[in-house]
Amino acid sequence: MNDANYSLVLFTVLAQGSVGMIVTSYLCFRLAGRGEMPHVRREWIMAGVLLLAGLTASLFHIGHPFGAAAALTHGATSWLSREVIAVCLFGALTAYTIVAMRKSLPASLMLGTAILGVVSLVVSGAAYAPPSLPALNNASPIALFLLTAASIGLASKSFFGPKDDDGFVAQWLIFVLIASIAVRIILPSVWSSGGAVMMKTGQAWFASPVFWLHIVLLAAPIPFLQKSKALKPWMFVAVLAAELLGRLTFFVGTAATYQNIGHLF
């Protein structure tokens, strides 16, 4: 794996974590009905910092970082350009919403930002589903990215509270973590029974210690959440580390059709 792919791991996971934090924050705000709460703005600022860190990391994926603006000019034909445009728009609206929160919590603006974040996540999933990667040339990247956003977003509530929401958030985090583990076991299992390139992908994922470590880290908070229904900061660290390792497997272990050109499988 080269340095460019490490930057993609950081960019995708941090940007999706940012979306997850904002969607989770908005849903808890609306469902809890607590009115204005100072921790909401802090939560959105942290989400903005994560997104900014991800965008900064993405520059190292580009051969000429100072020409990054050119990535915005091919939106009509390139999913990668659409991804950059969508993430930048999401970042701009997030910043505007944070500024607007100085006086009150603008519910409509928060909802619009959350929706744009989910749209950016779907566009990002489409960008990583090219025909040259048969295992991912479907909706699986979008599903994986949605699960990443949900798990990081829910786990981040351990820092921002209020603690009265812990039981509600803990139940959803348990559900998302179990769903994440199930999807990440089922996908390579299906690929292992497919064509040569898909089979190679499934075998590479299952043979990777990094893949199994990310499964263990995803599972680690579940028994504690089931027992206490209390969110702890270490759970966010475990989930974030799990998602980073899982994304390493996504980029390193996925076989492409062009890898064996001129050779028999």
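Helices here are DSSP runs of H or I with at least four residues, numbered from the N terminus. Keep that in mind as we walk through this predicted model, where local features need pLDDT of at least 70, side-chain atom pairs count only at pLDDT 80 or more, and totals for chains, interfaces and linings use all residues. Residues are numbered from 1 along each chain as its sequence is written, and side-chain values use heavy atoms, with hydrogens and water left out.

Let's start at glycine 48, which sits in helix α2, spanning residues 38-58. Setting aside neighbours within four places in sequence, glycine 48 makes contact (heavy atoms within 4.5 Å) with Ser18 and Thr94. Alanine 15 is 33 residues away from glycine 48 along the chain, yet their C-alpha atoms are separated by 9.0 Å.

Now move on to leucine 93, part of helix α3, which covers residues 79-100. Leucine 93 has a relative accessible area of 24%, so it counts as partly exposed; with a 1.4 Å probe and protein chains only, buried means under 20%, exposed means over 50%, and partly exposed lies in between. Beyond neighbours within four places in sequence, leucine 93 is in contact with Leu109, Gly112, Thr113 and Leu116. Methionine 110 lies 17 residues from leucine 93 in sequence, and their C-alpha atoms are 9.1 Å apart in space.

Finally, look at two cysteines. Cysteine 28 is buried because its relative accessibility is 5%, whereas cysteine 88, at 36%, is partly exposed. A disulfide is a covalent bond between the sulfur atoms of two cysteines. Counting a pair of cysteine sulfur atoms within 2.5 Å as a disulfide, the total here is zero.

Terms used:
Helices (H or I, at least four residues) and strands (E, at least two) are DSSP runs, numbered from the N terminus.
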